[in-house]
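Q: Could you walk me through how to read helix packing, burial and backbone geometry in a model like this one?

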Amino acid sequence: YQLLFSFALSVISSFSIKKNFSFFFFLIQKKLIQFVNFTNKTMHSNHLLLEEPIRMASILEPSKAGFFPAMTKIVGTLGAKSRSVEVLSACLKAGMSVARFDFSLGDTKYHQETLENLKSAIKSTKKLCSVMLDTAGPELTVLNKSEKPISLEADASITLTPDEGQEASSEVFPINFGGLSKAVKKGDTIFIGQYLFTGSETTSVWLEVDQVKGDDVVCIVKNSATLTGSLFTLHAAQIHIDLPTLSDKDKKVISTWGVQNKIDFLSLSFTRHAEDVREAREFLCKLGDLSQTLIFAKIENEEGLTHFDDILQEADGIILSRGNLGIDLPPEKVFLFQKAAVYKCNMAGKPAVVTRVVDSMTDNLRPTRAEATDVANAVLDGTDAILLGAETLRGLYPIETISTVGRICAEAEKVFNQDLYFKRTVKFVGEPMSHLESIASSAVRAAIKVKASVIICFTSSGRAARLIAKYRPTMPVLSVVIPRLKTNQLKWSFTGAFEARQSLIVRGLFPMLADPRHPAESTNASNESVLKVALDHGKASGVVKSHDRVVICQKVGDASVVKIIELEG
C-alpha cells in the first residue's frame with residue numbers, strides 16, 4: 001500500500017508539473033513495471049519454493065526412484081514392532097539411517113538384543129546405520145502397577161502424590177518426583193499421557209492445579225479420558241523441575257551399554273542450559289571411547305527455548321522435541337520456533353532434527369494431509385532429519401512409515417529453493433570466509449554451475465564434508481572418510497568409522513569408509529587410486545554414470561583443491 005501510495009503521488013506530481021500526457025502514461029508504465037518486479041522479488045524471497053512455476057500436470061507424474069530414498073535423513077526409534085532382523089532390514093532398505101534407542105523404556109538387555117539384530121540387518125543389507133542413545137533425563141512419570149485402565153471424568157478431582165507405595169486410581173496418581181508441590185501453584189497446567197504424548201483427548205488428560213497440600217498436588221481434570229498401560233508420562237507446562245538433566249540412571253546406561261557399543265550420538269533429553277551439554281561432554285570424555293560421541297541437545301520445554309542460542313553453541317546438533325514443546329508453547333507459536341530454530345542450526349552448520357510428524361501412522365497406513373504437509377514444510381525449512389518415535393517404536397506400520405516419510409521428503413527436496421538458501425548462507429557467513437568455508441561453498445557453487453551428479457569429498461575428520469552439506473547442494477555429497485592410525489600407548493587402531501557413521505544424520509551427506517592405505521592428503525593433483533575407488537562406489541550405487549560431471553574436493557599437500565572431472569563413456 002505504501003508503494004502504491006508513493007506511486008500515485010509521484011504520478012500526480014509529475015503530471016501537474018509537466019502537463020504532458022505522453023510522459024504521464026510512460027511514467028505509469030514504468031512505475032507499474034517497477035511495482036510488478038518488486039512484488040515478484042518480494043514474493044520469491046520469502047519462501048523456499050522454486051521460483052519457476054510448477055506445471056500442475058507434472059504433479060501427477062510418477063517419481064523416479066533413486067539409490068538414496070531422500071537427501072533428508074530418517075531416525076527410527078526401535079522397539080517392540082521394529083526389533084526383528086527381518087523388519088530392521090526392511091527399515092534400512094526403506095531409508096532409515098539412524099537407529100534410536102530410547103532408555104525411557106526397556107532395559108539394557110532388551111536394547112542389546114535389538115542392537116544385535118540391527119547389526120545382522122546391516123550386514124545382510126550392506127546399509128550403514130548409526131546408533132543414538134536417548135536418555136530418560138528428568139522425566140516425570142506415574143506408575144500404574146495394576147496396569148488396569150484408569151478412567152477420568154472432566155471436572156473431577158485427582159491428587160498427585162510422591163508416595164509411590166499408593167495404587168494408581170481415578171482419585172490418586174503416585175509420581176516419581178517429590179518436589180512437584182514446591183514447583184507448581186494454583187492455575188498451573190499439568191499434562192499426563194501414555195508413552196509419548198498423543199494429543200488425543202481420549203488417551204491424554206489435562207489437569208489444572210487447584211491446591212497444594214503438603215507434598216501432594218490436588219488437580220481438576222479438564223477433559224474425560226482413559227489411560228492404559230503401566231507407565232504414564234507427566235509434563236508440567238512452563239515449570240522448572242529441579243532434577244539433573246543427566247540422571248544417575250542415564251550415567252549408568254551410558255557407561256555400560258553406551259561404552260560397550262561405542263554409540264555415535266547421545267540424545268540429551270530435556271536440555272535446558274548450555275551447562276547441561278558441557279557436563280554431558282565432560283562425562284563422555286571420561287569414558288575414553290565415547291570422547292568422539294556427538295551430543296544432540298533435545299529441546300523439550302520453555303527453558304531450553306529461552307537458552308537456545310547458548311545450547312546451540314555447545315551442542316553438536318539439535319532435536320526439536322515438538323511433543324513436549326507443543327505443550328509448553330501455545331499451538332500458534334510452535335511453527336515459529338521450528339522455523340527459527342532450524343534456520344539457526346542451518347547457519348551454524350549443525351544438524352537439526354524434527355520430531356512428531358506422522359503420529360497417525362502409529363495405527364494407520366497413511367498419514368493425514370496435515371501431517372504430509374508438515375513433513376514437507378520441515379524439509380523446506382531446512383531440517384536435516386526426521387525423527388520417528390511411536391510410529392516405529394510400537395506402530396503397526398514401521399516400514400511403510402519410513403518409506404512414506406522418505407517419499408514426502410524427496411518430493412519436497414525437488415522444490416527446495418537452493419539458490420536462495422545458498423545466497424542467504426553465504427551472506428550470513430560474511431567475509432572474509434575461513435579457508436575451509438570458502439572451499440566448501442566454492443565446491444557447491446561449481447557443482448551447481450556444471451550440473452554435477454555428485455560431489456566427492458575426501459576427509460579424515462568429516463568436517464569438510466559437513467561444511468559442503470551445510471550449503472545444501474542439489475546433488476548428493478559422497479564423503480570418503482580416510483581412516484587414520486592412532487595409538488593410546490597400549491595398542492594401535494584406526495579412526496574413521498565414527499566419522500563415517502556420524503554423517504548419516506546430515507542432510508545430503510552419504511559416507512563411505514576408504515581403505516586406510518589411501519591417504520586423505522595427496523602429494524599430486526591426481527590421486528587416481530583413491531578417486532577410482534570412490535567413483536566405482538558411485539557407479540555401483542547408481543549415483544554417477546558415463547559422461548556425468550563430478551566435483552572433487554580434496555587436499556593436495558598443504559592446499560585444498562576443488563576440481564571438475566567428466567567421466568568417460
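A: Gladly! Let us begin with the idea behind a packing angle: axes are lines fitted to C-alpha atoms, for helices over the stretch in contact, and angles run from 0 to 180 degrees between N-to-C directions. Keep in mind that this is a predicted model.

Q: At what angle do helix α4 and helix α6 pack, and how far apart are their axes?
A: Helix α4, residues 108-125, packs against helix α6, residues 248-260, at about 15°, and the axes are 11 Å apart. Angles under 35 degrees count as roughly parallel, so α4 and α6 are roughly parallel to each other. As for handedness, α4 and α6 cross in a right-handed way.

Q: Which residues make that contact?
A: From α4 come T108, H111, Q112 and L115, while α6 brings V253, W257 and Q260. Sorted by class, the contact of α4 with α6 has three nonpolar residues, four polar ones and no charged ones.

Q: How are helix α11 and helix α15 arranged, by angle and by distance between axes?
A: Helix α11 (residues 331-348) meets helix α15 (residues 418-429) at about 70°, with 10 Å between the axes. The range to remember here is 65 to 115 degrees for roughly perpendicular, which makes α11 roughly perpendicular to α15. The crossing of α11 past α15 is right-handed.

Q: Which residues of α11 and α15 meet?
A: On the α11 side you will find Y343, N346 and M347, and they meet Y421, R424, T425 and F428 of α15. By class, this contact of α11 with α15 has four nonpolar residues, two polar and one charged.

Q: Let us turn to single residues. Is V342 buried or exposed?
A: The cut-off for buried is under 20% relative accessible area. V342 sits in helix α11, and its relative accessible area is 0%, so V342 is buried.

Q: What does V342 touch, not counting residues up to four places away in sequence?
A: V342 touches L320, A352, V354, D381, G382 and T383, with those sequence neighbours left out. Take L320 as a case: V342 and L320 are 22 residues apart in sequence, and their C-alpha atoms are 8.7 Å apart in space.

Q: Where is A168, and what is its relative accessibility?
A: A168 is in the loop between β6 (157-161) and β7 (172-174). Its relative accessibility is 8%, so A168 counts as buried. Not counting residues up to four places away in sequence, A168 touches L143, N144, I150, F173 and P174. With I150, which is 18 residues away along the chain, the C-alpha separation is 8.1 Å.

Q: And what about S360: where does that residue lie, and is it buried or exposed?
A: S360 belongs to the loop between β16 (352-355) and α12 (369-381). At 18% relative accessibility, S360 counts as buried. Leaving aside neighbours within four places in sequence, S360 is in contact with R366, P367, T368 and E371.

Q: Now for the backbone. What should I expect of phi and of peptide bonds in general?
A: Most residues other than glycine have a negative phi, and most peptide bonds are trans. With that as background, let us look at some cases here.

Q: What is the phi of K126, and where does K126 lie?
A: K126 has a phi near 60°, a positive value in a residue other than glycine. K126 lies in the loop between α4 and β3 (130-134). Exposed means over 50% relative accessible area, and K126 is exposed because its value is 73%.

Q: What is the phi of K451?
A: Phi of K451 is near 55°, a positive value in a residue other than glycine. K451 is in the loop between α16 and β18 (454-459), and at 70% relative accessibility K451 counts as exposed.

Q: Which form does the peptide bond from E431 to P432 take, cis or trans?
A: The bond from E431 to P432 is cis, with omega near -5°. P432 is in the loop between α15 and α16 (435-449).

Q: Finally, how many helices and strands does the chain have?
A: The chain has 19 helices and 25 strands. Of its 569 residues, 49% count as buried. Among contacts in the chain with a separation of 6 or more, 69% are between residues 24 or more positions apart. The accessible surface comes to about 27,600 Å², and 56% of that belongs to carbon and sulfur atoms.

Terms used. Residues are numbered from 1 along each chain as its sequence is written. This is a predicted model: local features need pLDDT of at least 70, side-chain atom pairs count only at pLDDT 80 or more; totals for chains, interfaces and linings use all residues. Side-chain values use heavy atoms; hydrogens and water are left out. Helices (H or I, at least four residues) and strands (E, at least two) are DSSP runs, numbered from the N terminus. Buried means under 20% relative accessible area, exposed over 50%, partly exposed in between (1.4 Å probe, protein chains only). Contact means heavy atoms within 4.5 Å. Accessible areas come from the Shrake-Rupley method with a 1.4 Å probe; for residues, only the protein chains shown count as cover. Angles under 35 degrees count as roughly parallel, over 145 as roughly antiparallel, 65 to 115 as roughly perpendicular and the rest as oblique. A crossing is left-handed if the near helix is turned anticlockwise from the far one by less than a right angle, and right-handed if clockwise. Ala, Val, Leu, Ile, Met, Phe, Trp, Tyr, Cys and Pro count as nonpolar, Asp, Glu, Lys and Arg as charged, and the others, Gly among them, as polar.
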